[in-house]
Amino acid sequence: MTVLEQRFVAARKRVIEAEFSNLNPMQRQGVLTTEGPLLLLAGAGSGKTTVLTRRLIERIKSGESVTDFLVVTFMKAAASDVKSKLYNALLEESALDPDNKHLYRQSLLVTDANICTISSYCLNLVKENFALLGISPHVRVIDEVESAMLLRRVTEELISNGYESEDKE
């Protein structure tokens with residue numbers, strides 16, 4: 001490694017340490033691991049969205065597009081929080097580097113980013129492949145009222161069928 005490369009690596013290390021000083025070692029590893037998929041498992045309030053956001057920002061700063069990623073959460077609030085934090089972080093990064101048009105464009109693309117819940121991702125996957133699956137293109141998730149009604153109907157049918165089979169014996 002040349003002297004210039006060594007200086008660059010040392011300077012980059014100082015920047016990273018300063019930028020991520022508020023993260024614990026495991027969070028920092030989640031942000032700085034750039035190869036392959038990443039699975040973050042942690043309790044509420046442990047910094048998962050912060051890690052995801054910083055990881056995305058670092059990848060976007062290196063030239064990738066926000067639309068190239070799939071970020072899946074379990075809760076709608078978490079997906080919304082990641083999108084919001086990502087948007088705000090991109091605006092901050094863009095303000096720090098106003099000549100970087102890529103960062104600004106990425107902030108405009110956040111609404112198109114594939115950041116969603118596992119349920120909505122699976123539903124979209126089914127809708128996109130309805131023909132291959134041999135189902136209606138109008139597939140949808142039932143709401144709570146429909147679910148309760150269906151559960152009641154099925155329960156009543158099971159009970160009724162149970163009584164009918166007892167009568168036959």
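Student: What makes the pair Arg152 and Glu156 a salt bridge?

Tutor: The term asks for a side-chain nitrogen of Lys or Arg within 4 Å of a carboxyl oxygen of Asp or Glu. The closest N and O atoms of Arg152 and Glu156 are 2.9 Å apart, so the pair is called a salt bridge. Before we go on, please note that this is a predicted model, where local features need pLDDT of at least 70 and side-chain atom pairs count only at pLDDT 80 or more, while totals for chains, interfaces and linings use all residues. Residues are numbered from 1 along each chain as its sequence is written, and side-chain values use heavy atoms, with hydrogens and water left out.

Student: Why are Arg152 and Glu156 separated by about one helical turn?

Tutor: Because they are four residues apart in helix H8 (residues 144-168). Helices here are DSSP runs of H or I with at least four residues, strands are runs of E with at least two, and both are numbered from the N terminus.

Student: Why is Arg152 called exposed, and what is Glu156 called?

Tutor: Buried means under 20% relative accessible area, exposed means over 50%, and partly exposed lies in between, using a 1.4 Å probe and protein chains only. Arg152 has 60% relative accessibility, so Arg152 counts as exposed. Glu156 has a relative accessible area of 45%, so Glu156 is partly exposed.

Student: How do you know that Asp81 and Lys85 meet in a salt bridge?

Tutor: Their N to O distance is 3.7 Å, and the limit is 4 Å, so this pair passes too. Both residues lie in helix H4, four residues apart, about one turn of the helix. Asp81 has a relative accessible area of 31%, so Asp81 is partly exposed; Lys85, with 30%, is partly exposed as well.

Student: Which residue forms a salt bridge with Lys61?

Tutor: Glu58 does, with the closest N and O atoms 3.5 Å apart. Lys61 and Glu58 are three residues apart in helix H3, about one turn of the helix. Lys61 is partly exposed because its relative accessibility is 31%, whereas Glu58 counts as buried because its value is 12%. These two also belong to a network of salt bridges that links Arg54, Glu58, Lys61 and Glu93. The structure holds nine salt bridges.

Student: Why is Leu56 called buried?

Tutor: Its relative accessible area is 7%, so Leu56 is buried. Leu56 is found in helix H3. Not counting residues up to four places away in sequence, Leu56 touches Phe69, Val71, Val82 and Leu86; contact means heavy atoms within 4.5 Å.

Student: What makes a set of residues a nonpolar core?

Tutor: The members are buried Ala, Val, Leu, Ile, Met, Phe, Trp, Tyr and Cys residues, joined through side-chain atoms within 4.5 Å. The largest such core has 16 residues, and those with the most contacts inside it are Ile60, Val71, Leu86, Leu90 and Ile115. Helices H3 (48-61) and H4 each supply at least two of its residues, and H4 gives the largest share, five residues. Leaving aside neighbours within four places in sequence, the contacts of Ile60 include Val66, Phe69, Leu86 and Leu90.

Student: How many bridges join E1 to strand E2?

Tutor: Four bridges join E1 to E2 (residues 114-117), and the strands run parallel. Strands pair if DSSP finds at least two bridges between them, so four is enough. Val71 stands opposite Ile115 in E2. E1 has a covered face, Val71 and Thr73, and an uncovered one, Leu70 and Val72.

Student: Which residues form a nonpolar patch on the surface?

Tutor: Leu70, Val72, Phe74, Met75 and Ile118 do, with about 510 Å² of accessible area together. Patches are made of residues with over 30% relative accessible area and no salt bridge: like charges are joined within 9 Å, nonpolar side chains (Val, Leu, Ile, Met, Phe, Trp, Tyr) within 5 Å. Accessible areas come from the Shrake-Rupley method with a 1.4 Å probe, and for residues only the protein chains shown count as cover. Phe74 has a relative accessible area of 71%, so Phe74 is exposed. Phe74 is found in the loop between strand E1 (70-73) and helix H4 (76-96).
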